[in-house]
Amino acid sequence: MLFLSGSCYAETDYRQIYQDMEVPDFQYIHGIDPGELYDTKNTSWSPYPLFRLTSPIFFKSITIEPGYYLLTPREHKGNWYILFKEAGKVKYIVPAYNRDIVPEAFYDENLPKAKLTPSQKFHINALNLIGKVIPSAQRKPAPQTYLELTELENNFLSVVIYWGNHRYYTLFRTIQL
């Protein structure tokens, strides 16, 4: 199991993991993610984490250019991939080398709590009351997300995407080989 404390990075052979990951050999038709409709049907905004990239990063023959991307985990033929979406279209597909469960209290400990005004609290409580009386009127909450990036030795970059109940690990290079 991979732990993300500072000393455990040295125990993992990222060079071997990077070499074992394969460049995806599939694409989505017209760059449209077919699972996005199911993820966004109950939300007013995109539930995916937004990733701002200021310099290019590399995964073997794929160069991910600077920009704003929505990171979306997807399964394809039993393997997990991270989709980099720009303007609603899939621009890059990168494999995830590991997927595991998010610790139970992770989001409570790491995500900031919104400070609501008294009128906002009243509004939220009124909506919750309506949701209890009429269950079909209650919206499902959007999945919680978190993004963790760590620079590793030998120009590797570890990206961990927390999305809902799972976290997805992938690796990049900061220089092209």
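Is Asp 39 buried or exposed, judged by its relative accessibility? In this predicted model, Asp 39 counts as buried because its relative accessibility is 19%, and buried means under 20%.

## Asp 39 and its surroundings

Asp 39 belongs to helix α2, which covers residues 36-40. When the neighbours within four places in sequence are left aside, the residues in contact with Asp 39 are Pro 47, Tyr 48, Arg 74 and Trp 163.

## The four-stranded sheet

An open sheet is built from four strands in the order β1-β4-β5-β6, with antiparallel pairing. At its edges are β1 (50-53) and β6 (89-95), each of which pairs on one side only, and from one strand to the next the twist averages 35 degrees. In general, the strands of a sheet pair through backbone hydrogen bonds, in either a parallel or an antiparallel manner.

## Hairpin turns and positive phi values

The strands β4 and β5 form a hairpin with two residues between them, and Lys 77 in that turn has a positive phi of about 55 degrees, in a residue other than glycine. Lys 77 counts as exposed because its relative accessibility is 76%, the limit for that class being over 50%. A hairpin with two residues between its strands is also formed by β5 and β6, where Ala 87 in the turn has a positive phi of about 55 degrees.

A positive phi is found as well at Asn 155, where the value is about 60 degrees although the residue is not a glycine. Asn 155 sits in the loop between β8 (145-152) and β9, and its relative accessible area of 34% makes it partly exposed.

## Ser 158 in strand β9

Which residues are in contact with Ser 158, once its neighbours within four places in sequence are left aside? They are Glu 148, Leu 149, Thr 150, Leu 152, Thr 170 and Leu 171; among them, Glu 148, Leu 149, Thr 150 and Leu 152 fall within β8 (145-152).

## The largest pocket

The largest pocket has a volume of about 660 Å³ and is lined by 21 residues, of which Trp 45, Arg 139, Lys 140, Pro 141 and Ala 142 lie nearest its centre. Helix α4 (residues 118-133) supplies the largest share of this lining, with four residues.

Sorted by class, the lining of the largest pocket comprises 10 nonpolar, nine polar and two charged residues. Arg 139 and Lys 140, which are among the residues nearest the centre, belong to the charged class, since Arg and Lys count as charged.

Technical notes:
Residues are numbered from 1 along each chain as its sequence is written. This is a predicted model: local features need pLDDT of at least 70, side-chain atom pairs count only at pLDDT 80 or more; totals for chains, interfaces and linings use all residues. Side-chain values use heavy atoms; hydrogens and water are left out. On a 1 Å grid over the protein atoms alone, a cavity is a set of points where a 1.4 Å probe fits but cannot get out, and a pocket is an open set with protein on both sides within 12 Å along at least five of seven lines; lining residues have an atom within 4 Å of a point. Grid points are joined across faces, edges and corners, and a volume is the space filled by probe spheres set on the points. Two strands pair if DSSP finds at least two bridges between them. Axes are lines fitted to C-alpha atoms, for helices over the stretch in contact, and angles run from 0 to 180 degrees between N-to-C directions. Contact means heavy atoms within 4.5 Å. Buried means under 20% relative accessible area, exposed over 50%, partly exposed in between (1.4 Å probe, protein chains only).
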